[in-house]
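Hi,

Here is the structure I promised to pass on.

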Amino acid sequence: MKIERQRPFNTGERYGAGTEGLRASMTVKAGDRIFLSGLSGLDLDHRMPEGAGAAAQAEQAMENVTTLLAEVGSSINHLCQTHTWMGDFADRPDVYNVVGRHLAGVPTVATGLVARALARPDLKFNVDFQAVIPAGPDGHEKFHLFDTGNWFGQNRIARPSCKIIRTADEVFLRGQAGTALDGSKQYGPGFTPADAAEQADISIVNAKTLLADAGADFNDVAKIHVYIRDRAYREAVYQVIGKHLRDAAPCSTGLIVRGFARLPILFEIDMAVPLTKGTPHQRLRVFETQDVYPDGQRLDCRFAMACRAGKRVFLRGQTGTTLDGNMVGLGDPAAQADQAMRNVAQLLDEAGASLDDTCKLTLYLIDREFRDDVEAVIARHLGDIAPCYTLVVVDGLANPAMLLEIDVDAVIQR
């Protein structure tokens, strides 16, 4: 399988930093799987109309994704997942209604979050799209269709959605956030660690039910993303995750975020679910959280540093912590980025992959001011590899000393 990289650019040019940045691609195609760089109001020549509001930026993003997919032999009918980071929650109806109009008749699974900031100040949102070209004429299987406007009083939004999509090789699951599957109740209605834990428990129970509907289970889960509103919820939430998922030992990335689609949500979880099809995923460097996080919090989870699922490789989000759990580069984002990328290279190698197989890199920073220094370090490690790229500024990571986290998705070419 040869990875195809389309529309190369450098991030300094696209995001206006005045620096070279790192080399990236707008689209990466690996077999039938299509990765895209985060899209916003910038056109494909990196221009932003002066004063463009949220709706106008969303129109541009949808024009971009339509063009990019067509260039690799796909279309918006093949979209499976949208992952939207809002810069301002108030802009959400404008953005979602435009996306919904363009995706009429194309329900996708979705996760919606509020970021501390985006790659540049004039961006209203960032949306990551994932697409898979169907194996046959009937397209993907979609389960539990609904309209966002009928979900918990969000009647200002009209957008087709579904809770789960099954392709030939993978299951896409809607972000789970502690609601009853039929939308009748939001669990954990307060703002305490116990409420966050209740939301986590319901979310993972719901995920198990939905996966079963698509013929999958937790043994298929390669990676999870955990989003919480406050670090104070972290211990309680992870103990619930450990109760449900420790036997699966997925890779994980944990982020503290500004907000969610609705105010009562304290927790949300995403799962990456490549189907095992009778061949178990390879989980590398499985560890107990208490051996890696010497910060006094007892998380009681069992995770993997890397997971290989066929040709796909998923990694735990990498920070300035060595693979043995030692923090380096205190207060130095460049040093932490260097350690994170060293970890990425080593883990990919242990999974039978290399940096050349990198399809998507997502960078989470706690301060946008770190971007130039961090991207320069990543560029030094990646050279001309040019993966798809998304940058989001979040409110925090697992440890207050962590200044960044790097997610990598890879597909082995040989």
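This is a predicted model: local features need pLDDT of at least 70, side-chain atom pairs count only at pLDDT 80 or more; totals for chains, interfaces and linings use all residues.

Residues are numbered from 1 along each chain as its sequence is written, and side-chain values use heavy atoms, without hydrogens and water.

The largest pocket has a volume of about 570 Å³. (On a 1 Å grid over the protein atoms alone, a pocket is an open set of points with protein on both sides within 12 Å along at least five of seven lines, a cavity is a set where a 1.4 Å probe fits but cannot get out, and lining residues have an atom within 4 Å of a point; volume is the space filled by probe spheres set on the points, which are joined across faces, edges and corners.) Of the 32 residues lining this pocket, A168, D169, E170, K277 and R312 lie nearest its centre. The lining of the pocket comprises twelve nonpolar, ten polar and ten charged residues (Ala, Val, Leu, Ile, Met, Phe, Trp, Tyr, Cys and Pro are nonpolar, Asp, Glu, Lys and Arg charged, the others, Gly among them, polar).

Searching the whole structure gives six cavities of 30 Å³ or more. The largest cavity, at about 480 Å³, has 29 lining residues, with Q81, H83, Q130, H225 and D409 nearest its centre. Its lining divides into 15 nonpolar, five polar and nine charged residues.

Best wishes
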